[in-house]
Amino acid sequence: PWSAAPFVPESASLGVLRDAVESCRGCPLYARATHGVLGVGPARARVMLIGEQPGDREDVEGLPFVGPAGRVLDEALEEAEIDRDEVFVTNAVKHFKWEPRGKRRIHQKPRAREVEACRPWLEAELARVRPRALVALGATAAQALLGRAFRVTKDRGRVIASPHAPIVLATHHPSVVLRAPDAASRAARRAELVADLRVIAAHLG
Ligand code: URA
Ligand code: SF4
């Protein structure tokens, strides 16, 4: 099976991991991407947020959640009174998976074996940061963390027992808010995301 493991330097700092992820060849996704994007945030952050994979903007800039979904996330964090500067933000998959459509690059959902291949990077980040609270944003992150049987639709917003951190919770991916069909459902999804983040804020005290 594909795996990033041979490319992940052992007991390395986040800075060393950040450089190393750029040359990962653990699965085919590196080939079409501009950057391998490691997480960003304090090395001792109490909260780690995990998205799916870099999007178009993130691939260009080499940073997680700097595009439209990042804007939704920033606003939700602010509303939940969680300081983004104190949070470590990363993704389950470190390279942008896309297909061309005209001049545009269209996001493609990573396959289970790509998520699996990339997991050693996430594990390395978890081992360095050792957050108290872990938030899976959307199904890809939730399944990478909690297994493929996990359903965000059913179990979002609930604190789940997990060996990864004392407090683990899954919620919507911010892009769910962007993709909602009308203003009312956009507001509803956004309120759910904020409410779930508030659960984390409450646990941290
Ligand atoms: N969506 C994600 O899952 N991660 C990002 O970094 C940006 C968009
Ligand atoms: Fe390596 Fe992950 Fe990129 Fe695949 S997606 S090449 S496993 S960093």
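The following exercises, each with a worked solution, concern a predicted model.

**Exercise 1.** Determine in which sense strands β3 and β4 pair, and identify the bridge partner of glutamate 99 in β4.

*Solution.* Begin by locating the strands: β3 covers residues 98-101 and β4 covers residues 104-107. Next, examine their pairing, which is antiparallel and comprises four bridges. Then follow glutamate 99 across to β4, where its bridge partner is isoleucine 106. Finally, inspect the hairpin: two residues stand between the strands, and glycine 102 adopts a positive phi near 60 degrees.

**Exercise 2.** Classify the packing of helices α4 and α5 by angle, and describe the residues that form the contact.

*Solution.* First, locate the helices, α4 at residues 112-129 and α5 at residues 139-146. Their axes lie 11 Å apart, at an angle of about 75 degrees. Angles of 65 to 115 degrees count as roughly perpendicular, and α4 and α5 are therefore roughly perpendicular to each other. On the α4 side, the contact is formed by Val115, Arg119, Leu122 and Leu126; on the α5 side, by Thr140, Ala144 and Leu145. Sorted by class, the contact of α4 with α5 contains five nonpolar residues, one polar and one charged.

**Exercise 3.** Identify residues that surround ligand 1, and examine the polar atoms of glutamate 52, phenylalanine 65 and asparagine 91 in relation to the ligand.

*Solution.* Start with the surroundings of ligand 1, which include Gly51, Gln53, Pro54, Glu58 and His173. A polar backbone atom of phenylalanine 65 is 2.9 Å from a ligand 1 oxygen atom. Lastly, consider the side chain of asparagine 91, in which an N or O atom is 2.7 Å from a nitrogen atom of ligand 1.

Terms used. Residues numbered from 1 in each chain as written. Chains lettered and ligands numbered in written order. Predicted model: local features only at pLDDT ≥ 70, side-chain atom pairs only at ≥ 80, totals over all residues. Heavy atoms only, no water. Pairing = 2+ DSSP bridges. Axes fitted to C-alpha atoms, helices over the stretch in contact; angles between N-to-C directions. Parallel < 35°, antiparallel > 145°, perpendicular 65-115°, else oblique. Contact = heavy atoms within 4.5 Å. Nonpolar A, V, L, I, M, F, W, Y, C, P; charged D, E, K, R; others polar. Near = heavy atom within 4 Å. Polar contact = N/O pair within 3.5 Å; in protein donor to acceptor, adjacent residues only side chain to side chain.
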